[in-house]
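Here is a short tour of one protein chain. Keep the sequence and the 3D view side by side as you read.

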Amino acid sequence: MAPGATLPVKLMQKVSSTLLFAKIAPHFIPAMDKAVHRLTGGKVLLSARMLPGVILTARGARSGEPRTTPLACMPEDGGASWLLIGSNFGRPGHPAWTGNLLKNPDADVNWQGRDIAVRARLLEGAERAEAWKAVLRFWPPYATYQARIEREIRLFRLERR
């Protein structure tokens, strides 16, 4: 996204890097995405107008119940796999969905209106470093999120099963 980014995208990158956005967005964006996605039968994900997104359904780490979360993602190879970034909008704790995937890596995503069975894998070492570089080229504000917190942002690769 970065080098040839349009003015609206650059503006959204700037806004999404602010502390105010980190406070408000986690309460507003997922709820809005879930509602619109449900109302349109899986055809529309509003936040995907700026960043590609999936609806992740994973089993809860403690409850075992399905948990549905709209997430920005970085598609790889046209949707053959996806990178999920556990940034939590640059807030201190890991987002709950990352703990769910660590315990229950078999999940489902809704990508562009299609349900797809996936397996999640936490990226580590050199593979994570390479993916992180790609993520920062794709959406530079992730660097701001990482600089704001002490934990390392978790990166997952979702591959079709």
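Which residues of the largest nonpolar core touch the most other members? They are Ile85, Trp132, Val135, Tyr142 and Leu155, out of 20 residues in that core. A nonpolar core is a set of buried Ala, Val, Leu, Ile, Met, Phe, Trp, Tyr and Cys residues joined through side-chain atoms within 4.5 Å. Buried means under 20% relative accessible area, with a 1.4 Å probe and protein chains only.

This is a predicted model: local features need pLDDT of at least 70, side-chain atom pairs count only at pLDDT 80 or more, and totals for chains, interfaces and linings use all residues. Residues are numbered from 1 along each chain as its sequence is written, and side-chain values use heavy atoms, leaving out hydrogens and water.

The largest share, five residues, comes from α4. Helices (H or I, at least four residues) and strands (E, at least two) are DSSP runs, numbered from the N terminus.

A second, separate core has 17 residues, including Leu56, Cys73, Trp82 and Trp97. In soluble globular proteins, nonpolar side chains tend to be buried together.

**The strands**

Two strands pair if DSSP finds at least two bridges between them.

Leu56 has Thr69 in β2 as its bridge partner. Glu76 stands opposite Ser81 in β3.

Notes. Buried < 20%, exposed > 50% of the residue type's maximum accessible area, 1.4 Å probe, protein only.
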